[in-house]
Amino acid sequence: MASNNTENQPPQTPLSPPDSTRKPITRSAIHAFFTPRHRAPLGEVSSTSSTRNISSPAGSVAFVKNVHLLSPEDSPSNRASKKARKVLFPASEEKNESGREVLFAPMSGPGVVKGKKLFPGSGKVKAKAGEGVGDIFDDEVKKEEQAVKERPNRIRPTGRNRVLMRMLGTGSMTGMRSTGPHHCADWRYEVEGFYSRPEDIHKINSQDRHPCLPFTAKACHQNSLVGVGDETGFVRLIETEKDLAPGFSTTYLGIACHDNAVFDISWSPDDHKLATASGDQTARVFDVITQQPTDVLMGHRSSVKQVAFNPRNSSVLTTCSRDGNIHIWDLRCVGLASNLGNGVTEQKPVNSILQAHADTTLKKGVTPRTDVSVTAAVWLINRDNLVATASEANSCIKIWDIRSIQTRRKVPVTVESTTTPPHHQPPKHRPFGLNCLSLSPDGARMYAMCRDSVVYAYSTTNITTGPIHAYSHPRLHASTFYVKSSVSRDGRLLATGSSDGLAVLFPMDERYLDRSSYRHGMRHPEDSAPAPSAPAPSAPATQSGRGVLPVAQHLKVGKGVGLVRGHEKEVTDVAWSVNGDLVAISDDYQARCWRNDDGGVEAEQLRDCGEDEGRRWACGWAEKAT
């Protein structure tokens with residue numbers, strides 16, 4: 001009766017309670033792959049087995065109960081152990097079904113026998129009762145090894161080694177293990193696939209329906225919205241995702257922030273707060289959910305040029321202004337009630353760096369300028385207590401520690417600062433200011449947009465050595481301080497505005513700067529355009545003569561392509577969305593979205609289709625690099 005009840009019970013699942021009537025799992029029931037490797041001697045064939053009775057009639061198949069797995073040193077795939085076994089235990093004269101000789105290890109039992117495989121490629125051995133079984137090489141192991149060898153060679157991901165080399169100030173793979181040239185070393189494939197359609201245009205109009213100039217564009221961190229600030233103090237949010245309503249041409253949300261122009265905006269790490277820098281000498285913080293101001297940052301004596309949230313603390317901000325001062329703010333501090341009402345708090349700076357970029361190297365008796373405008377301020381990603389700033393006076397970048405009280409010193413003390421490049425030093429050359437600073441996603445590189453129409457790349461851990469390479473384009477001109485740059489979220493592309501009426505894209509992989517990584521017949525970026533000839537002594541110095549040519553003498557210069565036919569006037573600011581789209585704003589009262597979501601098919605068609613039947617109307621595309 002007990003046996004019948006046991007047979008009628010439903011089969012147990014892994015979630016069923018333990019059953020005392022079930023037999024415990026023996027070692028023979030476990031697959032050989034999951035048994036530990038050891039050097040214990042082979043066990044003899046048992047007379048009983050839970051899987052199959054080995055005391056069956058002669059000629060029946062029996063299985064080994066105790067499975068022996070070799071250690072990694074004695075593995076059949078080890079060449080040294082394979083040679084040793086061939087010397088000590090020569091191959092058997094018998095051959096298996098595939099015609100190959102069978103090798104086996106000696107038995108610890110009374111006799112040594114020759115085994116055969118039951119099926120080709122199987123690890124099971126058939127033997128007569130009372131006989132031992134040897135260790136047999138499996139054909140599947142050799143087939144897998146052969147398949148691995150036949151795989152195509154690919155470039156190994158550098159991973160942490162590459163990040164380390166970037167932090168040390170070099171992106172070249174020289175000295176590391178390399179099997180050959182870069183398999184995809186044509187830099188044009190990175191940037192030639194961008195295009196823009198008529199539905200990717202957003203008209204910038206004021207609240208009374210009049211066109212107005214946009215000054216800044218910044219993308220959110222967690223969603224596909226991009227904020228655009230204009231000259232009327234209005235910030236509009238635009239949806240960049242192609243398939244989401246209301247589309248790029250319609251404003252998703254608008255916030256009236258200031259009564260003066262908004263020069264810069266910044267999003268908190270969680271996108272719940274929006275900070276704005278305005279020409280009314282203040283910066284404000286808004287709650288995006290309620291669209292109401294929460295804090296007013298007062299302390300500057302001129303237009304605020306930039307505002308930036310700390311990337312790890314949404315309560316800490318920094319601002320820089322045309323008055324030459326840098327302020328640090330902490331929203332957790334108790335402030336005064338603002339005249340704006342509605343619970344708005346008036347904040348005072350918790351730390352200040354006065355006259356941050358004033359020239360202190362002048363001779364005695366010469367009064368330095370006290371109104372050197374600070375044009376850029378960014379937080380370093382790897383060290384969140386450091387702030388990097390730039391000015392309009394020269395291309396010097398200074399790094400400050402916000403924990404140091406600078407107001408007690410006559411001259412502010414920096415942590416690090418860059419030197420002036422050789423092609424900016426007088427008397428042969430003149431200095432150029434910096435428009436903005438951008439950081440790579442890993443924080444190892446800093447990119448400075450300079451007024452000499454060149455983007456310089458620095459190593460954040462060794463910034464005192466100066467720029468390590470640069471980027472330039474024949475149509476990249478930074479005639480004003482409103483022309484800025486931005487790095488994509490994946491760190492692959494660098495986008496800049498231009499006074500020539502277009503945006504410019506540069507591939508950021510530093511292997512493109514190395515001539516040795518280019519296959520025969522591929523153009524190096526420096527060979528994309530002919531080098532400008534030196535101007536005559538009596539001729540005035542041109543932009544290419546004083547910018548591109550001197551840079552190439554000191555640094556490696558990477559090239560890019562321009563996004564043509566999309567704008568009619570100066571392109572000022574650019575921003576990358578989370579989905580990889582580029583938003584560029586221009587003085588033609590428009591914001592345009594550039595996409596690269598079809599592998600370059602649309603861009604290629606726009607380049608080749610011509611003007612028939614209005615196919616290119618209101619469209620833009622990446623130019624063909626030569």
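This is a predicted model: local features need pLDDT of at least 70, side-chain atom pairs count only at pLDDT 80 or more; totals for chains, interfaces and linings use all residues.
Local features need pLDDT of at least 70 and side-chain atom pairs count only at pLDDT 80 or more, while totals for chains, interfaces and linings use all residues. Residues are numbered from 1 along each chain as its sequence is written, and side-chain values use heavy atoms, with hydrogens and water left out.

Five strands form an open sheet with mixed pairing, in the order β23-β24-β25-β26-β30. Strands here are DSSP runs (E, at least two residues), numbered from the N terminus, and two of them pair if DSSP finds at least two bridges between them. The edges are β23 (434–439) and β30 (556–558), each pairing on one side only. Strand β23 runs antiparallel to β24 (residues 445–450), and five bridges join the two. Within this pair, Leu437 stands opposite Ala448 in β24.

Strand β23 also contributes two or more residues to the lining of the second largest pocket, as do β5 (214–219), β9 (262–267), β13 (304–310), β19 (374–379), β27 (485–487) and β32.

Strand β32 (residues 571–576) holds Thr572. Thr572 counts as buried because its relative accessibility is 2%; buried means under 20% relative accessible area, exposed over 50% and partly exposed in between (1.4 Å probe, protein chains only). Leaving aside residues up to four places away in sequence, Thr572 touches Pro214, Phe215, Tyr482, Val483, Lys484, Gly497, Ile585 and Asp587, where contact means heavy atoms within 4.5 Å.

Conventions. Helices (H or I, at least four residues) and strands (E, at least two) are DSSP runs, numbered from the N terminus.
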